[in-house]
Amino acid sequence: MDISRPSDPALEGAALPLAVRAGALGRHVLRRLARGAVDLALPPLCMACRAAVEEPGCLCARCWSRVGFIERPFCDRLGTPLPHDFDAAEGPAVSAAALTDPPAYGRARAVALFGDVSRDLIHALKYADRLDVAAPLARMMARAGADILADADALVPVPLHGLRLWRRRFNQSAALAQGIGRAAGVPVRSGWLARRRATTPQVGLDRQDRARNVAGAFAVPEAARGELAGRRVVLVDDVLTTGATIDACAKALARAGAARVDVLVFARVVDGRVVDGEAAPIS
Ligand SMILES: [Zn+2]
């Protein structure tokens with residue numbers, strides 16, 4: 001999938017008077033030069049808060065301490081943190097939530113709890129054309145999902161509908177999947193899952209409405225079914241909220257014959273809480 005960097009309108013405007021005289025090739029070269037000069041002039045900035053940092057693609061100490069990283073022990077199904085005194089010696093632990101309301105996917109893994117810092121990072125990627133944050137976030141996701149990636153056959157990004165993809169110019173889940181694929185050596189198969197119809201944005205909908213909104217919205221294209229059958233798939237998205245979208249995707253892949261569907265996201269909401277500040281209290 002082509003995820004080339006969208007052009008910067010401000011930069012193009014600056015280079016325009018010269019570029020018009022220089023013609024198409026010159027315009028291209030000038031743009032590249034202008035961009036290089038800007039890259040050199042700017043000190044590296046924190047991916048979340050834009051404070052100065054040592055090197056590009058990292059977080060400042062303050063943001064790092066507020067990420068809310070998910071560490072063991074966590075629920076093997078949902079990837080949600082378990083109480084710190086939980087005895088993991090017995091093997092993979094499953095939370096009560098996963099037992100009473102099992103997800104359509106096998107196992108989910110997330111780098112962090114959804115909170116201020118993860119929201120800033122994801123918004124930068126999603127709405128501000130900050131493709132520079134895709135690779136660092138993807139590397140963090142590859143580490144958090146090491147166990148589900150180890151024997152995975154393919155990564156499948158959650159697809160955006162055509163119209164929204166056109167408006168936003170790129171699919172952030174596909175950008176993350178490409179980075180994870182590079183870090184973990186797992187191929188990306190964007191064509192294995194398609195959005196059949198546009199859905200209203202999930203923001204502001206409750207759990208039931210979200211499930212209704214996405215029911216039947218995803219399907220495996222006929223041409224991909226042969227290749228998908230029997231494969232172990234990892235679905236990739238930026239955030240897992242109620243899980244309605246991810247569940248709808250997992251069901252579509254499983255119905256089409258996937259042997260296993262796991263999930264890898266950057267951040268996930270736990271118990272509807274949004275994390276602010278230091279490590280989230282786990283009850
Ligand atoms: Zn920061």
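This passage describes the fold, the sheet, a helix pair and some local backbone features of one protein chain. The model is predicted.

The chain contains 11 helices and six strands. Of its 283 residues, 36% are buried. Residues 24 or more positions apart account for 71% of them.

Strand 6 spans residues 260-268. This strand is mostly covered, with eight of its nine residues buried. Strand 6 pairs with strand 1 (residues 108-113) in the parallel sense, over five bridges. Within this pairing, Ala 110 stands opposite Val 265 of strand 6. Strand 6 also runs parallel to strand 5 (residues 232-240), and eight bridges join these two strands. Arg 232 stands opposite Arg 260 in strand 6. Further along, Val 236 has Leu 264 of strand 6 as its bridge partner. In a regular strand, side chains alternate between the two faces of the sheet.

The crossing of helix 5 past helix 8 is right-handed. On the helix 5 side, the contact is made by Ala 134, Ala 135, Leu 137, Ala 138, Arg 139, Met 141 and Ala 142. Helix 8 contributes Ala 175, Leu 176, Gly 179, Ile 180, Ala 183 and Ala 184. The residues of this contact divide into 11 nonpolar, one polar and one charged.

Local backbone geometry was then examined. Most residues other than glycine have a negative phi, and most peptide bonds are trans. Arg 50 has a positive phi of about 65°, although it is not a glycine. Arg 50 sits in the loop between helix 1 (9-41) and helix 2. Arg 50 counts as exposed because 11 C-beta neighbours lie inside 10 Å, and the cut-off for exposure is 12 or fewer. A cis peptide bond joins Arg 72 and Pro 73, with omega about 0°. Pro 73 is located in the loop between helix 2 (61-65) and helix 3 (96-100).

Another loop residue is Asp 206. Asp 206 lies in the loop between strand 3 (194-195) and helix 9 (207-214). Asp 206 is exposed because its count of other C-beta atoms within 10 Å is 9. Asp 206 and Thr 242 are 36 residues apart along the chain. Their C-alpha atoms are separated by 8.5 Å.

Notes: Residues are numbered from 1 along each chain as its sequence is written. This is a predicted model: local features need pLDDT of at least 70, side-chain atom pairs count only at pLDDT 80 or more; totals for chains, interfaces and linings use all residues. A crossing is left-handed if the near helix is turned anticlockwise from the far one by less than a right angle, and right-handed if clockwise. Helices (H or I, at least four residues) and strands (E, at least two) are DSSP runs, numbered from the N terminus. Two residues are in contact if their C-beta atoms, placed from the backbone, lie within 7 Å. Ala, Val, Leu, Ile, Met, Phe, Trp, Tyr, Cys and Pro count as nonpolar, Asp, Glu, Lys and Arg as charged, and the others, Gly among them, as polar. A residue is buried if 20 or more other C-beta atoms lie within 10 Å of its own, exposed if 12 or fewer, and partly exposed in between; C-beta atoms are placed from the backbone. Two strands pair if DSSP finds at least two bridges between them.
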